[in-house]
Structures are given as C-alpha cells and as structure tokens.
Amino acid sequence: MRTLVLDTSGPFTTVLITEDYQLSTSHILRDRPAEHLHEQIHASLENLCITPQDLSQIAVVIGPGSWTGLNIGVTAAKTLAQILETPLIPIYTLDALAASCAKPSWTLMNAGRNQCYYARYSTSDSQEMAVDPIDTVIQQILADSNSVYVVEYGDTFKERFTGNDKYLSMDRLPPEALIAALKTSGSIEGADIKSLTPAYLQPSHVEQDASH
Amino acid sequence: MRILGIDTSCDDTGGAVVEDGHKVLSNVIASQYEAHDRFGGIVPVIAAREHTAKINFILELALEKARISFSDLDAVAVSHHQGLMLSLVVGVSAAKSIALACGIPLIGIHHLEGHIYSNLMGRSNELRFPFLCLTVAGGHTLLLKVISHGTYELLGHTRDDAAGEVLDKVARHLKLGYPGGAAIERLAEKGNPNAYDFPRPLINRPDGEFSFSGLKTAVIAAIDRDPDLNQADLCASFQQAIIDLLVSKAMHIAKEHQLRQITLAGGVALNTPLRKALQHAAKVHACEIFTPRSDLCMDNGAMVAGAAYFLYQERGADSLNIGTRANAPLGTTGVRYRHESKYK
Ligand SMILES: Nc1ncnc2c1ncn2[C@@H]1O[C@H](COP(=O)(O)OP(=O)(O)O)[C@@H](O)[C@H]1O
Ligand SMILES: [Fe+2]
C-alpha cells in the first residue's frame, strides 16, 4: 500500500511517499514551500518511477498550524484523493508531535495572541486538542509529573521549560513521526473527502476581535 | 478541447467546464457574501477558509453539470494573478492537483484576462483586433486596448475607487444587500435620474482617467443629510452619474484611438441602463458594442476557461510551480495599472 503524505502546516513543507509504512522517499522544501508542493510531489513520484495512479491513499496534516499552509495542503490532498478515488487520511499536527516520543506526553504550539494549542497524551490515546491561554497551559503542564515529555512545534516556549530534559522543540514534523501518526489516524472515503476542512481549532483573528 | 476553469481570486468560488473557448458546459459559483457581511467587507482569511471548504464541491458540481468526469478534461485553467493572495492559492492548489493527477496541462490566467475574454467567448469571429475593453468590476475600472491575444495597452483607469466598489458601498449604506449594483439598478428603475445633481469627477478631462470617490462621498452625504430620502431618485441619479462617466470616457478613448469595437466586461457590465447608454452613444459614433453573456460578467470559472483556450494556443502550458500574485502586470507587455483594493 503506497501512501503520499503531505505536511504544509509549518515553515517547511514535507512530501513523503511510504510503502506499507516504510519510507520510500522524503523531501523537505524550505523557501516558498507551498508554491513548490505539487512540483515536489511530481518529482517524488518520478524518483520512484510511479504515477499518481499508483498511490493507494493520500495523507495530509490538517492542523493546527499555518492558516494558509493548511488551506493549500488540505486542498491539494482532497483534490488528489477526489480524482484518484483513494481514501484520505487526516493527520493532526499534535498527534504527529506526540508520535515522536514516548507517552505520557504533552504537545503544544503557539496559537498567537497569547494562546496555545495543546493536547495531553496518556499511555494510549490523546485527550481532546484545545486552545487556551499560554500561562494556563504551561502551569498545567508544569504541575503534571516531570517525567512526562513535552513536545513543542516551534520553540516559542523553550525558556519556560529550561532545565527540563524531557522538553523537545521541533521545527517540523519528522518523517518517522508522520508515519507513526499515519498508522493511528482514521481514513475518510468517498463523498466525505470533499468536506474535509483544516483543523484551524480557532476562529480567525478577525472573528475573534468581532466577538469581543 | 475541454477546459476546467477555476476562479478563487476574491470571495466567490467558481468552477466551470468550457469546450473550445465557446461552449459553456457548466458554470457554478459558490458565493461567500454571508460569511463576510457582518464585517462590512471581504476578510481575506475567511475567504480562504471558505474556498477551502467549498472548492471540491464546486469541482464535482461543475463536472456533474457538464456530464463529464475528470478523465474527460483536456486542460485545467486557474486565476493565479490578481486578487487576494490567500484566496488565489486555494484555487491554484486545486488546479495543480488536477493537472498532476489527470496528467493534463495547467494554464495560469490573469483574472482580468478572464473578464476581457468573456467577450470573445462565442464571438471570436465578430470581434477583430484591436478593440477596446472597458472592464468595470468591484475591484477595477479600466480601459484597455486589446491588441492581440494576450497583448494589451492601458488607455485609462481609476485613480481611486472602482465603480463597482462605489456601487457596493452606497448600497451597503442604504442596507440594500449584495450585489450592490444590481440592487441600485432595481431601485433606480422607478426613480428620476435628474433628481440629484451629483458630481461627475474628471468627466471633462480629455483622457481615460476615472475617479469615483468624490461621487461616493457626495452620494453618502446626500443619504445622511435627508431622513425622508427618496431612495429611487437617489439611486437613479447616482447610477446615471456612473453611467455618464463610464460612457463618456469610453467613447472619448475609442475615438482618440480609432477603435470601432467596444467591449464591456466585469460585474457592472450586467447593468442594463449602462448597456443601453453605451449602445446609444455607440450609434452616434458609429461604434459597435459587445457585452458578455450575463453569466460571464461577475467572477466565474467559465471566463477563466475561455481565456485559457485562446491563450494556451499562444503561450502553451505553465509548469506546476507557478506562483500567485495579488497585483500582477497584465499580458505580454506587462501592463501595470493602479489597483485600489476594495478589500480590507
Ligand atoms: N446589475 C448590476 N449593475 C451594476 N453593477 C452590478 C450589477 N450586478 C453586479 N454588479 C456589480 O458587479 C461587481 C462584482 O463584479 P465582479 O466582476 O465579480 O467584481 P470583482 O472581479 O472585482 O470581484 C459588484 O461591485 C456589483 O455591485
Ligand atoms: Fe473579477
């Protein structure tokens, strides 16, 4: 089973192709990533001497993350799955972060405006993802047993965890983490593919302002 | 040649299938008016989110209505230049996936070229280069000489607001709903166009320059001044001022550049009194007026597919890494024009 995995949630763009959850090829794009997403998909397929029709499923990181990045990645993936008639697998950013270390763990990322996205992962499944004020979240994490991993997407809160050797900062979701998350994520099929939307997790800033 | 055309340049998600640049097999549009209404203008992040939510439904519907499937497409075209960046990238991402998965050419189109070519669709035999194109929309008001496929010369444009934007702002002030120009046209039918003597900025200047913001200010002041306003009279007088400005500038430029065919494009081209006034003026000057089919005036995917049919023959396909630009020069000569944004 061949899977194309796309991640446009952060400052880098990742394109992976896996075969039965083994990495076949991976590429990380650094500048103007979203513009070159499709060109890279094309190149990755060519590298493996396969065509889009050889893909058995499409996976995409649906957020939370960069608003525009997610719109581009999710649209790209939905459209490919729609045409190729393959299942579509949405991967949550926080799940992929959690997949990169042992559980129990916390994952978090800056949501702007003094908010952060976060989730706690017990030994098996995750608690709901949420967005709350940074201080509340960090207090909650610090109050948790210090044998728990803390994985941040980015490094905004690094200083808050100085001295904690279980704090990890990641500037992108590594291939292994994406593949691990891929294994545990559910898939969407048929008519439901069209209605997949990014997991923005919060209204746009304009809507937030309007509701205050 | 069957081309799927996509337009997500602003706040409407458009998808259409057009055969050989002429035959519109389908043309579907999802409007976002309601999502933006309470903010008093288009909010780019919301527009992008709405496009992402709707684009795949629009694609499916466009194919379904055309009674074809993805594998029957010969090319995919998308507006990648001119509009809101956050919106453009969504349509472009979908178009690239289609080109990639179907193995068909990708054709990037300047959104304004879509408007211009809405006139050639079904009528490329009657129109002869060079001709004049007056594009009047929510985001732009400009006069172009269309020299050949993909080659344009700018002969005039607005210094400030676009005509459609001014129509929309006044309509909003009167709480008439969207599209503002259509609502004003409806009210104006029962009104007296001479009831108010609104200014017609720059009308006597012998060039193609437009200015609408002074007119907008005067109309809004008139509304605020009078609690017992006769809305029909006000709309009729306001609409007349816009028509006078558009017609006089278009006729002046047509004469000066000896262009006998004048095309009208953009959402404001739907306005019947404007069409009539242009026809009337054209008779006097022995010019011929072309207006697009009504379903091709406001932003839509069909005009993009139509433009792509003609321009593909000139320019060929684009690569999968084409980018997006909010303000892009137009055509082979790189025409630049001031684009006063109607967006927040
Ligand atoms: N019947 C009409 N009369 C005048 N203006 C109209 C009419 N119908 C629509 N419009 C105007 O057309 C504009 C939208 O046209 P469109 O080409 O979609 O704009 P844009 O490309 O700038 O988004 C709006 O400003 C709207 O008020
Ligand atoms: Fe337009």
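**Entry 1: helix α4 of chain A**

I began with what the buried residues of α4(A) pack against: β6 (105-112), β7 (115-121), β8 (130-133) and β9 (149-153) of chain A. For packing I took contact as heavy atoms within 4.5 Å. Helices (H or I, at least four residues) and strands (E, at least two) are DSSP runs, numbered from the N terminus.

The model is predicted, so local features need pLDDT of at least 70 and side-chain atom pairs pLDDT 80 or more, while totals for chains, interfaces and linings use all residues. Residues are numbered from 1 along each chain as its sequence is written, chains are lettered from A and ligands numbered from 1 in the order written, and side-chain values use heavy atoms, without hydrogens and water.

Next I looked up the buried residues of α4 (residues 134-143) and found A:I134, A:V137, A:I138 and A:I141. They fall within an arc of 95 degrees seen down the axis, so they line one face of the helix; the arc is that of the directions from the helix axis to the C-beta atoms. The face turned away from the buried side carries the exposed A:Q139 and A:A143. Buried means under 20% relative accessible area, exposed over 50%, and partly exposed in between (1.4 Å probe, protein chains only).

**Entry 2: the iron ion**

Which residues coordinate the iron ion (ligand 2)? I noted B:H111 (NE2), B:H115 (NE2) and B:D299 (OD), at 2.0 to 2.1 Å. Donors are N, O and S atoms within 2.8 Å of the metal (3.2 Å for Na, K and Ca), and water is not among the atoms, so sites may look incomplete. Along the chain the donors follow the spacing H-x3-H-x183-D. B:H111 lies in helix α4 (residues 111-117) of chain B and B:D299 in the loop between β10 (288-290) and α10 (301-315), so the pair ties together parts that are 188 residues apart in sequence. Both count as buried: B:H111 at 3% relative accessibility, B:D299 at 16%.

**Entry 3: aromatic rings**

Rings of Phe, Tyr and Trp (its six-membered ring) pair if their centres lie within 6.5 Å; planes under 30 degrees apart count as stacked, over 60 as edge-to-face and the rest as tilted. B:Y196 and B:F198 are stacked, 5.2 Å centre to centre with 5 degrees between the planes. B:F198 is buried, at 6% relative accessibility. I also saw that B:Y117, B:Y309 and B:F310 form one aromatic cluster.
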